[in-house]
Amino acid sequence: MSPRAAALHFDTVVIGAGTAGLTAATRLAEGGARVCVLAKGIGSTHLAPGTVDVLGYAPDRVEEPARALSELVAARPDHPYALMGVESVAPALQWFAGRIADGPQPGYRYVGDLERNHLLPTAVGVLRPSALVPETMAEGDMRTREPVCIVGTRSLRDFHASLCAANLETAGIAARAIEVELELDRADVNSLGLARRFDDPEFRAAFAAQLAPHLHGDERVGLPAVLGVRDPHGAWADLQRRLGRGIFEIGTLPPSVPGMRAFEALRTALRSAGGRLILGAEVIGAEREGGRISAVRAHAAGHDVRYHARWFVLATGGFASGAIALGSDWITRETVLGLPLRGAPAPGDPRFVGEYLAEQPMARVGVAVDGALRAEGAENVLVAGASLPGAVPWQEGSGEGIALSSGHRAAEVVLAEGAGVRAAV
Amino acid sequence: MSEGVLDELLRGSLDHCVKCTICETACPVSNVTPLFAGPKYTGPQAERYRVADEPSVDSSVDYCSGCGICTQSCPQGVKIAEINSQARNKLKRQKGVPLRDRIITRPTWLGRAGTPVAKLANLTIDSRPLRILGEKLLKVHRDAPAPEFAGRRFSRWARKHESPSTGRKVIYFHGCGTEYYEPEEGEKVVAILEHNGFEVQVPKQDCCGLPLQSSGLFDDARKVVLRLARNLAKHVHDEDTIIVGNATSCTLMLKREAREILSLEDDPDLKLVSERTYDICELLLELHDRGELKTDFQAVQDTIAYHAPCQQQGHSIGKPALELLALIPGLQVTEMNARCCGIAGTYGLKAEKYDIAMAVGADLFEQVRTSGAATVACDSETCRWQIAKATDRPAVHPIDLLHRAYGLQG
């Protein structure tokens, strides 16, 4: 017995606790695999707006994602949707919607499909195409033209109702803004703090009473996405009833309350299925046996722990999370397992171009994979989410769609190979 | 590594902060009270205004409970809790330490004073008028959980106990809770280890210094933890020697917190002890993973609500107790989904913080009550005392249930 040998065995170890990692792990646990998620910390859920944007721009705005996806994969066989197979998207969305509907927030659900994108306002009033959205946001679909009233509060400094309304006006939507004063116990509150208050029916009643006299005719009401953490459906339905009109949430700057709801639903599903999630367990190395990874080494207090598994799912993200890094030696690396990358500009070629929003040569870098999302050079490692090469999610409006679909697909690949068998000790 | 370099590593980690606010969503304290400004504001943001040799810029950092959840949640690896602990130490150095904090952070003094007069001391703890007096004089809240002295010391039992010689030695670090308040827990740990073929050594030992550290008394904490490290390290003779403890916050102190927060990265004894220390459930689960844990468990008909304490989560080893309890036939275990019980060692004892601690723990208490469980299992003693008091249910260490399932005596 020696701390140097500290080790545990699982069927599959998932690295990363964002949408891709949690999806893969939960699906695997539901399929009967012994799963452990190792993560440096909490992932992208708390930062993204909580909608599932499958494909928003290709490069023009996408109205019918199913059709646009087919065209995209035909034109770009190196795109993540092409690698995982475009037929894997719909089942993943359906699976995710099911986990939310069965989740810890009663009545809270997602609506939408691949036939039509919603067109929801962002916090700054830009229209964003999104396939699957919380029901609490759906009324904000700007494909319908009813006038909107955007309601903000000065206590929430990251949401400016008048800016949002002004930009919607520019887009041709009749929009105006109201600011309400809220009785809060602190001057500066973030969206989560406010959302906790909206879980309280008395707070909602006072809020509705204050707002109601200022609303006009048939206008719908847009609020920052703070309508409850524990019971968002109840809070949303209650406000609709009290105000007698459609209410919709608008994604905020971090922390994202809808993202936290999704995280909680997935974590609950993972736990119910017997899966494990360990935070603060940064993976700092891997052990190889030929073309396979036999174990990863994760940081823990005092001594590292080795996690053996038959399969590993790498869902650590891309440049933003530090999972892929460009060194001062101009070499691009996958920092967790040291896997080969694809899409990095050749030595001597330009890596960046001057115009910030233009197509950047570095943008499509990701871990090199084959069609089944298997990493090149490590046959038992599957790659999911922003670690995949070939996409520019922030331009395409495809980040959550890729994360969810590839996480789900990676789990299906493992389950099809019979992951129920434990790793050899 | 020198103290300055380590401080730079902790402090340097603030440059990785991208202001994503994930720590703010996870902080159990700032989510219930405006008195603590939150881990991001108090940590990586305020740290930029903290200059060595200049007055402390802090006031609200004393309301951080030191649970460490912010550091566990941070996706960028910022040592938020550690930065805040150091800021609290500076604040205390400059603004003074209340008498209360000098007393309740010394479990050894309290234990040695209370043990010989346990009956009288326990009457004092149970006496409403004396507790009110204690609140007025010492600012220890009248309703805060206070453990009863066992009236005997675990180490006295251990000295007389002869562990069967198997050649497979393990060093047992029992901590102050076992020593003065729950000696029977220690006897159960020894019995379980012996049942699994270990020869248990119980060296002379004392407090790990965690209460001092979490109250910002760093100089005293350093002396205490280094003395413990010397005593334990003396018994580490070969590559396979390990140290095991059942006080999960004290083992975390030895594994990581003393080295990082108290800037003791360089101390060779502490480094050795840090690498060799195991939490008892961590050790037993690893044995099970190797197929070496005895699983001759009898059925235990009980319903359990399991809560993994923050300091246990700080080990970054998952929840080994849950896996172990799942091996016991008949036992119905529900995992609680709450962050913190609020007590955070001595935080919830303090009169000015008691209400915050109870508000932090409210989620957990409610889950325990609605779970239908008759018994709470939790790895940390101060959390057990807090949960037992708040939910009116017995709270035991997971090893208590394993001991019952093994059908061991003692």
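The model is predicted: local features need pLDDT of at least 70, side-chain atom pairs count only at pLDDT 80 or more, and totals for chains, interfaces and linings use all residues. Residues are numbered from 1 along each chain as its sequence is written, while chains are lettered from A and ligands numbered from 1 in the order in which they are written.

- Helices (H or I, at least four residues) and strands (E, at least two) are DSSP runs, numbered from the N terminus.
- Ala, Val, Leu, Ile, Met, Phe, Trp, Tyr, Cys and Pro count as nonpolar, Asp, Glu, Lys and Arg as charged, and the others, Gly among them, as polar.

**Domains of chain B**

- Chain B is assigned domain 1 (3–95) and domain 2 (295–406), with bounds from an automatic or database domain assignment.
- The C-alpha centres of domain 1 and domain 2 of chain B are 27 Å apart.
- Eleven residues from domain 1 of chain B and eleven residues from domain 2 of chain B make the contact.
- On the domain 1 side of chain B that touches domain 2 of chain B, six residues are nonpolar, five polar and none charged.

**The nonpolar core**

- The largest nonpolar core has 244 residues, and A:I15, A:L38, A:Y307, A:V313, A:L314 and B:L325 touch the most other members.
- Domain 1 (3–95) and domain 2 (295–406) of chain B both give residues to this core, so the core lies between them.
- A nonpolar core is a set of buried Ala, Val, Leu, Ile, Met, Phe, Trp, Tyr and Cys residues joined through C-beta atoms within 7 Å.
- A residue is buried if 20 or more other C-beta atoms lie within 10 Å of its own, exposed if 12 or fewer, and partly exposed in between, with C-beta atoms placed from the backbone.
- Leaving aside neighbours within four places in sequence, the contacts of A:Y307 include A:L8, A:F10 and A:A298.

**A buried helix in chain A**

- Seven of the eight residues of helix 7 (residues 191–198) of chain A are buried, so helix 7 is largely enclosed by the rest of the structure.
- Its buried residues are A:S191, A:L192, A:G193, A:L194, A:A195, A:R197 and A:F198.
- Their cover includes helix 8 (201–211) and strand 9 (220–224) of chain A, together with helix 2 of chain B.

**Local backbone features**

- A:A58 and A:P59 are joined by a cis peptide bond with omega of about -15 degrees, and A:P59 is in the loop between strand 2 (35–39) and helix 2 (65–75) of chain A.
- Phi of B:K139, a residue other than glycine, has a positive value near 65 degrees.
- B:K139 counts as partly exposed because it has 18 C-beta neighbours inside 10 Å.
- Phi of B:D392, a residue other than glycine, has a positive value near 60 degrees.
- B:D392 counts as exposed, with 10 C-beta neighbours inside 10 Å.

How values were computed: Two residues are in contact if their C-beta atoms, placed from the backbone, lie within 7 Å.
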